[in-house]
Amino acid sequence: MAPEENAGTELLLQGFERRFLAVRTLRSFPWQTVRHPVCVKHPPSVKYAWFFLSELIKKHEAVHTEPLDKLYEVLAETLMAKESTQGHRSYLLSSGGSVTLSKSTAIISHGTTGLVTWDAALYLAEWAIENPAALINRTVLELGSGAGLTGLAICKMCRPRAYIFSDPHSRVLEQLRGNVLLNGLSLEADITGNLDSPRVTVAQLDWDVAMVHQLSAFQPDVVIAADVLYCPEAIVSLVGVLQRLAACREHKRAPEVYVAFTVRNPETCQLFTTELGRDGIRWEAEAHHDQKLFPYGEHLEMAMLNLTL
């Protein structure tokens, strides 16, 4: 095979692996890859694995190619497996490592959308990996961490001094703690943790009730959030907690703030910038980054604002 063909095949396989491990829609099936070591260790949902293997066998039959016996063996194993409300999604990193999340198979579970990973979280993680200088050796507070993808990628790739995952929902916090441990990181109370890793904390934080005395314990240098502009009430709450975070820094510089979101409704975006202006918070749009590491909707409009408190 010519060098350019090798390169093309490698890119195809990489794209396939990324989409399969992250449980995304697959447009094409390179026959060379069926099972990946990450998938064997942390399998996706049974339903997704069954769908994938069934489609792969159909593709073989459509081109009059006899499917490999291994495909039937794996399909049989999948059919015998018991479905769970939890499944794994894995995201390959440019370092060669990966981030794996144990996640709810339902879009909305236990009354919260925080148990799934939204596209803006992937976009924010890509930006962080491309701009590690903004986070290295700094204390990072993430608002509305959800399943934890962004923070786990930052902890593995950007070397923050400390990372604080936060969310208001106890069920999400439980899952977050599990995902932190699943990815080989230790929570702050674990004295056996890797000293080369950041100090990791999982905190319950309700934007509407958190007062300055609670927020002052965090003392973040950087605050990040992804896909949290889902309704007017959330926007007002977010701006309010950012104001209180700035106030609790006293004579220190206010934290840098980065908010990433999918532009679904221009009116929602306009409301956010209006609320920022009303509270005297300056903002500027971050340029779209070149890093396309994670699989998400190619036609979605992503945006990220850098706020000055």
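Trainee: In which helix does Ala 153 lie?

Mentor: The model is predicted, so local features need pLDDT of at least 70 and side-chain atom pairs count only at pLDDT 80 or more, while totals for chains, interfaces and linings use all residues. Residues are numbered from 1 along each chain as its sequence is written, and side-chain values use heavy atoms, with hydrogens and water left out. Helices (H or I, at least four residues) and strands (E, at least two) are DSSP runs, numbered from the N terminus. On that basis, Ala 153 lies in helix H6.

Trainee: Does Ala 153 count as buried or exposed?

Mentor: Buried means under 20% relative accessible area, exposed over 50%, and partly exposed in between, with a 1.4 Å probe and protein chains only. The relative accessibility of Ala 153 is 0%, so Ala 153 counts as buried.

Trainee: What distance separates the C-alpha atoms of Ala 153 and Val 99?

Mentor: Contact means heavy atoms within 4.5 Å. Leaving aside neighbours within four places in sequence, Ala 153 touches Leu 93, Val 99, Ala 125, Ile 129 and Cys 158. Ala 153 and Val 99 are 54 residues apart along the chain, yet the separation of their C-alpha atoms is 6.5 Å.

Trainee: Which strands stand at the edges of the sheet?

Mentor: Two strands pair if DSSP finds at least two bridges between them. The open sheet has seven strands with mixed pairing, in the order E5-E4-E3-E6-E7-E9-E8. One side of each edge strand is left without a neighbour in the sheet because each has a single partner strand; these are E5 (199–204) and E8 (282–285).

Trainee: What angle does the direction of helix H6 make with that of E4?

Mentor: Axes are lines fitted to C-alpha atoms, for helices over the stretch in contact, and angles run from 0 to 180 degrees between N-to-C directions. Helix H6 (residues 149–157) packs on the sheet, where it touches E3, E4, E5 and E6. With the direction of E4, that of H6 makes about 175°.
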